[in-house]
Amino acid sequence: MLTDELQKKLAKRIDGKLLEKEREKKSEKDGFNKNKVMDEVFDKSTTMTVSGLKNSGTISYLNGAMGSGKESKTYWAVSPSGKDLALKIYLVATSNFKKRHPYLLGDKRFTKLRKGTRHLVELWAQKEFANLSHCFDSKIPCVRPITVIKNVLVMDFMGKNGVPEPILVETEVDYKDYERAISIIDDLYNKAKIVHADFSEYNIFKTEKGLVVFDFGSAVESRHPNALDFLERDIKNITKFFVKRGLTVTNPVDVIKRIMK
Ligand SMILES: Nc1ncnc2c1ncn2[C@@H]1O[C@H](COP(=O)(O)OP(=O)(O)OP(=O)(O)O)[C@@H](O)[C@H]1O
Ligand SMILES: [Mg+2]
């Protein structure tokens with residue numbers, strides 16, 4: 001487990017990065033930054049990390065990729081006892097860093113940059129692990145984390161035979177789902193003292209047993225200076241989704257007030 005001090009250090013470094021990411025997201029919406037990431041998940045170090053997971057008996061083999069976002073790729077893996085696992089591999093060569101690559105390669109002054117980038121990516125993976133562990137321990141319905149090694153996060157697999165559970169956007173939804181989603185945001189904030197900060201129909205599984213949240217890389221502690229902005233955005237985003245699906249729901253402003261009370 002991470003020590004308090006490491007947690008704080010992580011939070012500090014990553015929160016700055018998060019704001020940067022926010023700004024980049026905005027500029028992307030404006031039409032810039034459209035370069036797609038190349039498949040560079042398995043660089044040498046990541047290959048070694050995955051081998052390490054095999055040698056230590058955490059996984060016995062890796063199956064296909066399930067999801068590939070901008071910052072990560074998620075794989076289905078199987079444990080030696082036959083249990084399905086999910087491996088989220090954070091990309092070291094993200095589009096943003098990749099874009100700078102041509103300018104930096106071969107420049108002796110920047111030989112340290114690669115290490116720095118890798119370190120930051122590892123911090124992201126560790127931050128997601130720490131957030132998940134904390135939420136799981138706080139009884140939030142989230143994916144159970146197993147371990148994190150460098151840029152590789154190992155979790156319980158949500159689904160069957162390598163097929164992930166459907167995410168909310170892929171399912172029919174009703175008012176109960178809306179209420180449940182809002183109550184998860186409420187519990188995250190008031191019980192776990194966490195704001196997800198990327199809470200959306202894409203980061204919630206809809207299982208037979210109910211909704212299960214995942215993708216906690218962006219989450220921040222509720223005392224983070226931007227926590228309330230993120231909370232507000234989470235509530236507005238998920239409300240928008242349910243409204244789009246034709247549901248009549250509570251005004252998000254009232255929900256925000258109630259949760260923040
Ligand atoms: N524990 C899991 N079990 C089964 N499938 C999973 C699990 N975690 C993630 N997935 C699958 O991988 C997809 C992407 O996962 P996730 O949302 O964590 O990453 P992302 O959005 O690509 O990453 P980022 O937000 O860092 O760009 C999910 O939509 C889901 O289909
Ligand atoms: Mg996601």
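Figure 1. Leaving aside neighbours within four places in sequence, Ser 79 is in contact (heavy atoms within 4.5 Å) with Thr 58, Ile 59, Ser 60 and Leu 85. Ser 79 is buried, with a relative accessible area of 8%; buried here means under 20% relative accessible area, exposed means over 50%, and partly exposed is in between, using a 1.4 Å probe and protein chains only. Helices (H or I, at least four residues) and strands (E, at least two) are DSSP runs, numbered from the N terminus. A word on the model: it is predicted, so local features need pLDDT of at least 70 and side-chain atom pairs count only at pLDDT 80 or more, while totals for chains, interfaces and linings use all residues. Residues are numbered from 1 along each chain as its sequence is written, chains are lettered from A and ligands numbered from 1 in the order in which they are written, and side-chain values use heavy atoms, with hydrogens and water left out.

**Figure 2. The whole chain, for orientation.** Seven helices and eleven strands make up the secondary structure of the chain. Out of its 261 residues, 46% count as buried. Looking at contacts with a separation of 6 or more, 65% of them come from residues 24 or more positions apart. The chain exposes about 14500 Å², and carbon and sulfur atoms supply 54% of that; accessible areas come from the Shrake-Rupley method with a 1.4 Å probe, and for residues only the protein chains shown count as cover.

**Figure 3. Ligand 1 between two domains.** Domain 1 (4-162) and domain 2 (168-260) both give residues to the shell around ligand 1, so the ligand lies between them; the domain bounds come from an automatic or database domain assignment. There are 19 residues around ligand 1, and Ser 72, Lys 88, Asp 156, Met 158 and Asp 215 come nearest. To be counted here, a residue needs one of its heavy atoms within 4 Å of the ligand. Sorted by class, the shell has nine nonpolar, five polar and five charged residues. In this scheme Ala, Val, Leu, Ile, Met, Phe, Trp, Tyr, Cys and Pro are nonpolar, Asp, Glu, Lys and Arg are charged, and the others, Gly among them, are polar.

**Figure 4. Side chains facing the oxygen atoms of ligand 1: Glu 71, Asn 203 and Asp 215.** For Asp 215, an N or O atom of the side chain sits 2.9 Å from an oxygen atom of ligand 1. For Asn 203, the corresponding distance to an oxygen atom of the ligand is 3.1 Å. Glu 71 has a polar side-chain atom 3.4 Å from a ligand oxygen. On its own, ligand 1 has 620 Å² of accessible area, and the protein covers 86% of it. The elements that give two or more residues to the shell are β1 (61-68), β2 (72-78), β3 (84-90) and β5 (152-156).

**Figure 5. Asp 156 in strand β5.** Asp 156 is one of the residues that come nearest to ligand 1. With a relative accessible area of 17%, Asp 156 is buried. Its side chain makes a polar contact with the side chain of Lys 83 at 2.8 Å. A polar contact is a pair of N or O atoms within 3.5 Å; within protein, one must be able to donate a hydrogen and the other to accept it, and residues adjacent in sequence count only if both atoms are side-chain atoms. Beyond its neighbours within four places in sequence, Asp 156 is in contact with Lys 83, Asp 84, Ala 86, Val 143, Arg 144 and Ile 146.

**Figure 6. Phe 216 in the loop between β10 (210-213) and β11 (220-221).** Phe 216 counts as buried, at 0% relative accessibility. Setting aside neighbours within four places in sequence, Phe 216 is in contact with Glu 128, Asn 131, Leu 132, Cys 135, Cys 142, Leu 188 and His 196. Ala 197 is 19 residues away along the chain, with 8.2 Å between its C-alpha atom and that of Phe 216.

Figure 7. Most residues other than glycine have a negative phi. Asn 161 is found in the loop between β6 (159-160) and β7 (163-164) and is exposed, with a relative accessible area of 67%.
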